[in-house]
Amino acid sequence: MTAFESSPDRGRGQARDMRVRWALEELGQPYDVRLVSFAAMKQPAHLALHPFGQIPTFEDGDLALFESGAIVLHLAERHAGLLPLEANARSRAIAWMFAALNTLEPPIVELGMAMLFERDKSWYEARLPMLQDRVRTRLGELSRRLGDADWLDGAFSAGDLMMVTVLRRLNTSGLLDEYPDIAAYVARGEARPAFRRAFEAQLAVFTAASRS
């Protein structure tokens, strides 16, 4: 798999390669990481793997994949541990993967981008509450569905893995504090040994890069 040579999130584990690392750790599968610079991401060799010049990519034999959701699904379908065996439960777990990426992530990313890059714009103060409310709407809906359950649909699955990684983007926003059940859900994900191994592995890359 590929990952940032120097991650822009300063080692907080919010880059999308974290999802693949975590999945591989949950599944107990060995993996190698090839670190890619921002310049190399736009070169032909990397673009042959990822047409949009992003990370992560993943190679498995003669198969090359891009998009973190597709990679995690590929891994979960080939190794036991992240998808239920029962057909309907399996389909629901996959649906939660799509929900994380298509329903929760877009407004969360839009808010994050505004907070990072638009603070000096004249429209920022007026736009921020609207962006926050869009996220609150989704968090409220998710909270009602989660209830007092530990995970989204029975046992921990690839759906939870993707959802937790998406929600972690809100860790510095203060919005998770408004939804204690969701904050606890994210904390349960972060407490999993496989998550901790993946997090420490990506943090080590950032720490090494920052010292060089």
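Buried here means under 20% relative accessible area. With that cut-off in mind, let's walk through this predicted model.

**Stop one: helix α3.** Select residues 68-78, which make up α3. This helix is mostly covered, with eight of its 11 residues buried. To see them, colour S68, G69, I71, V72, L73, H74, L75 and A76, the buried residues of α3. Now bring up what surrounds them: these buried residues pack against two strands, β3 (57-60) and β4 (63-66). They also pack against the helices α1 (17-27), α4 (87-117) and α6 (158-167).

**Stop two: H50.** Next, move to the loop between α2 (44-47) and β3, where you will find H50. Is H50 buried or exposed? Its relative accessible area is 3%, so H50 counts as buried, being under 20%. Show side chains around H50 and look for I55, P56, T57, F66 and E67, its contacts once neighbours within four places in sequence are left aside.

**Stop three: G159.** Finish in helix α6, where G159 is found. G159 has a relative accessible area of 0% and is therefore buried. Which residues does G159 touch, not counting those up to four places away in sequence? Select A93, W96, M97 and L152 to see these partners.

Before you leave, draw a distance between the C-alpha atoms of G159 and T57. These two residues are 102 residues apart along the chain, and their C-alpha atoms are separated by 20 Å.

Note on methods: Residues are numbered from 1 along each chain as its sequence is written. This is a predicted model: local features need pLDDT of at least 70, side-chain atom pairs count only at pLDDT 80 or more; totals for chains, interfaces and linings use all residues. Side-chain values use heavy atoms; hydrogens and water are left out. Buried means under 20% relative accessible area, exposed over 50%, partly exposed in between (1.4 Å probe, protein chains only). Helices (H or I, at least four residues) and strands (E, at least two) are DSSP runs, numbered from the N terminus. Contact means heavy atoms within 4.5 Å.
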